[in-house]
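Open the model in your viewer and get ready to click along. We'll go stop by stop, and each stop tells you what to select next.

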Amino acid sequence: MEQATETPLKKTPLNARHRASGAKMVPFGGWDMPVEYSGLSNEHTAVRTRAGIFDVSHMGEIEIAGKDALAAVQRITSNDAAKLATGQAQYSGLLTPQGTFVDDLLVYRLAPAHFLLVVNAGNIAKDYAWIAANITSAGDAVAVDASSRYALIALQGPEAVNVLQPLTGVDLTSLKYYWFGHGEVASVRATVSRTGYTGEDGFEIFVPPGSADRVWLAILESGRGADVIPCGLGARDTLRLEAGMRLHGNDIDETTTVLEADLSWIVGWKKDDFNGASALREQKASGVKRKIVGFELLDRGIARHGCDAYIGGAKAGLVTSGTQTPHVKKSIGMAYLPVEHTAPGTEFDVDIRGRPTRARVVPMPFYKRPK
Amino acid sequence: MASYPAGFKYTKDHEWIELSGDRGKIGITDYAQQQLGDVVYIELPEIGAKLKQGQSFGTIESVKAVSELYSPVTGEVIEINAALKDKPETVNKDPHGNWMVVIKLTNAGETGALLDAAQYQALIK
């Protein structure tokens, strides 16, 4: 694939490992990343049935600290960070005054007045500049782009807990979903978070960049009996889509509001003023005109990002993500449609390279892991 | 290792053609299906379509990407493998056994420029 810009691609601390392991590498958000190791479908299935390991060190880490750090985080993110205990994380949005997405992110409360924001790789510089500008009114709080201090490894799948536990003193069985703990993994200082972007149980492990390769190999070694395999961004995308998780830049961006993206659960409606609050309150009162839906294609093919949606022969919406899922074996996707056409069962057409293809609105997520 | 039939000719765009008189069966190579991954849709031309060498005769869509299919030769489409419409994944299982179209060649001289199996395998090394 061609790189669109002249800027050299950034490399994660695991880049040499990916290349040595024969992964297929592609440019992604300014980074040289593995898109595929043994095959997308194979990797996807490994995560659904066993476990897979992902290098997600390209993600950005922005820390906010200071006496008024909570007030700063409350101002710039949509969710209610006051609900977070130390050791707990939440999904949230960085919003424009219009209630649309600068980015989506995870907010970790490291200490009462110290937060870690994990943001999308392609948005790190933009987010950091935006955060720094928007927290000045909040009082005593500073933002630091700490991205280069962390490597991030995701271990995802039903076997993840069994594979990781022998390597760490952090008690994983008592670590609840969206909580994290500090300790060591394979004798390396680590923060272990029970989070992920696949719809499976699993962990995201923050380690110092210089030790990333050691942790990566230790996890693969520990997972050998369970046939844990390395996975690329291709499987990460099909897994997150099956789980109904939005991708910034595809499904949500600065043109889509939180309510249109059907994510009102990440808005702290009761908290004080925050970026986008008045726009969202207004939109909540008047109702959205369009909304994101999950859909299934009734015909063959894949409706991809950017395909137009038609209702009764007229252009009515836009597909934001689409794939054929390796696990459920259906052609699925997300699209924005006029709100009166978003009930499950509603049928519409997607223009796939000039070919009208029938689709049907279905509830999300497309896949829910067995409890 | 995949075997590339010695009786086929190949293109740099990873199609194969099995020539028989003035007719050629056309498909994609094992290397191409590996690169594409799971094939989910194949769009083929109408019978009677006239193609120039190197012209697109259809599209093949995998989970990863959509790619054009290019004709190795100039001629007219006289048969299409309609079974691929409902079972496109058979191209992954047996790429050299599942042809897509049969073309009646109108410029047989062109085939000299195609690659033989050894040249093609050197290309994908």
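**Stop 1**

Select A:Asp227: it counts as exposed because it has 12 C-beta neighbours inside 10 Å. The cut-offs are these: a residue is buried if 20 or more other C-beta atoms lie within 10 Å of its own, exposed if 12 or fewer, and partly exposed in between, with C-beta atoms placed from the backbone. You'll find A:Asp227 in the loop between helix H6 (212–222) and strand E13 (229–231) of chain A. Helices (H or I, at least four residues) and strands (E, at least two) are DSSP runs, numbered from the N terminus. The phi of A:Asp227 is near 55 degrees, a positive value in a residue other than glycine. Most residues other than glycine have a negative phi, and most peptide bonds are trans.

Before moving on, some housekeeping. This is a predicted model, where local features need pLDDT of at least 70, side-chain atom pairs count only at pLDDT 80 or more, and totals for chains, interfaces and linings use all residues. Residues are numbered from 1 along each chain as its sequence is written, while chains are lettered from A and ligands numbered from 1 in the order in which they are written.

**Stop 2**

Now pick A:Ser187, in the loop between strand E10 (180–185) and strand E11 (188–193) of chain A. Phi of A:Ser187 is near 65 degrees, again positive in a residue other than glycine. Is A:Ser187 buried or exposed? A:Ser187 is exposed, as 12 other C-beta atoms lie within 10 Å.

Next, select A:Met364 and A:Pro365 together. A cis peptide bond joins this pair, with omega at about 0 degrees. A:Pro365 sits in the segment after strand E19 (355–362) of chain A.

**Stop 1: a hairpin**

Two strands pair if DSSP finds at least two bridges between them. Click A:Phe28, and look across for A:Trp31, its bridge partner in E2(A). The hairpin has two residues between the strands, and A:Gly29 has a positive phi near 55 degrees.

**Stop 4**

Zoom out and show chain A as a cartoon: it has eight helices and 19 strands. Its C-alpha trace spans about 60 × 50 × 45 Å along the principal axes. The radius of gyration of chain A is 21 Å, which agrees with the value near 21 Å that a compact globule of 371 residues would have. That radius is taken over C-alpha atoms, and the globule rule is 2.2 Å times the number of residues to the power 0.38.

**Stop 2: the core of chain A**

Of the 371 residues of chain A, 49% count as buried. The largest nonpolar core has 131 residues, and among those that touch the most other members is A:Ile64. A nonpolar core is a set of buried Ala, Val, Leu, Ile, Met, Phe, Trp, Tyr and Cys residues joined through C-beta atoms within 7 Å. Select A:Ile64 and show what it touches: leaving out residues up to four places away in sequence, the list includes A:Ala69, A:Val73, A:Phe115 and A:Leu117. Two residues are in contact if their C-beta atoms, placed from the backbone, lie within 7 Å.

**Stop 6**

Switch to chain B, which has three helices and nine strands. From the N terminus on, the order is β-β-β-α-β-β-β-β-β-α-β-α. Pick B:Val101, in strand E9 (residues 101–105) of chain B. B:Val101 is buried, with 25 other C-beta atoms within 10 Å. Its C-alpha is separated by 8.9 Å from that of B:Ile47, 54 residues apart along the chain.

Finally, show both chains: twelve residues of chain A are in contact with seven residues of chain B. On the chain A side, helix H2 (40–49), helix H7 (233–242) and strand E16 (314–324) each give two or more residues.
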